[in-house]
Amino acid sequence: MSSVKEFINKIPEYFDEEKGCESDLTIVYDIHDMGEKYTIRIKNGACTVEPEGSDDYDVKLRMTSDNYLKTVYGVASELAYWMGTIRFIGKRLAYEELQYCLNIPADSGIMNL
């Protein structure tokens, strides 16, 4: 099984410029049980990952590493939100827009990043 860091670092690899994702977005993943934060930036049609959190974000997702991996492998983010295992701070739709901008291969076993 891959780690949180390995999955988050795949986000730019799966970013699909062809989908017309023109919004500038900043999304922070706060994996609080590991003390890790990652910032995903979409700007000018490009996607990057920074290995630290930003205080200037559109949305921050706060969760444990176990809950992040559950989301990767298939627990819907909406369900995780309602169960209280993911906390969205800011504009939750920014996370949904990121998911739309990704082109994850069907045979990868990955549902969300």
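How many residues apart are K70 and D66 in helix α3? They are four residues apart, which is about one turn of the helix. The points below concern side-chain contacts in this predicted model.

1. The side chains of K70 and D66 form a salt bridge, with 3.4 Å from N to O. K70 has a relative accessibility of 42% and counts as partly exposed. D66, at 43%, also counts as partly exposed.

2. Two aromatic pairs turn up in a search of the whole structure. In the pair formed by Y29 and Y68, the ring centres are 5.8 Å apart and the planes stand at 90°, so the pair is edge-to-face; the cut-off for that label is an angle over 60 degrees. Y29 belongs to strand β1 (residues 25–31) and Y68 to helix α3 (residues 65–72), so this pair links distant parts of the chain, 39 residues apart. Y29 is buried, at 1% relative accessible area, and Y68 is buried as well, at 2%.

3. N67 is another residue of helix α3. Its side chain makes a polar contact of 3.1 Å with the side chain of T64. With a relative accessible area of 15%, N67 is buried.

4. Strands β1 and β4. The structure contains five salt bridges. One of them joins the side chains of R62 and D30, at 3.4 Å from N to O. R62 lies in strand β4 (residues 59–63) and D30 in strand β1, 32 residues apart, and the pair links distant parts of the chain. The two partners fall into separate classes: D30 is buried, at 7% relative accessible area, whereas R62 is partly exposed, at 33%.

5. A further salt bridge. E50 pairs with R41, and their closest N and O atoms are 2.7 Å apart. E50 is partly exposed, with a relative accessible area of 22%. R41 counts as partly exposed too, at 25%.

6. Charges over rings. The charged end of K19 sits over the ring of Y100, 5.2 Å from the ring centre. R92 lies over the face of F88, and here the distance to the ring centre is 5.1 Å.

7. Cysteines. How many disulfides does the structure hold? The number is zero. For C47, the nearest cysteine sulfur belongs to C101 and is 8.5 Å away. C47 is buried, at 11% relative accessibility.

Conventions
Residues are numbered from 1 along each chain as its sequence is written. This is a predicted model: local features need pLDDT of at least 70, side-chain atom pairs count only at pLDDT 80 or more; totals for chains, interfaces and linings use all residues. Side-chain values use heavy atoms; hydrogens and water are left out. Rings of Phe, Tyr and Trp (its six-membered ring) pair if their centres lie within 6.5 Å; planes under 30 degrees apart count as stacked, over 60 as edge-to-face and the rest as tilted. Helices (H or I, at least four residues) and strands (E, at least two) are DSSP runs, numbered from the N terminus. Buried means under 20% relative accessible area, exposed over 50%, partly exposed in between (1.4 Å probe, protein chains only). A charge sits over a ring if NZ of Lys or CZ of Arg is within 6 Å of the ring centre and within 35 degrees of the ring normal. A polar contact is a pair of N or O atoms within 3.5 Å; within protein, one must be able to donate a hydrogen and the other to accept it, and residues adjacent in sequence count only if both atoms are side-chain atoms. A disulfide is a pair of cysteine sulfur atoms within 2.5 Å. A salt bridge is a side-chain nitrogen of Lys or Arg within 4 Å of a carboxyl oxygen of Asp or Glu.
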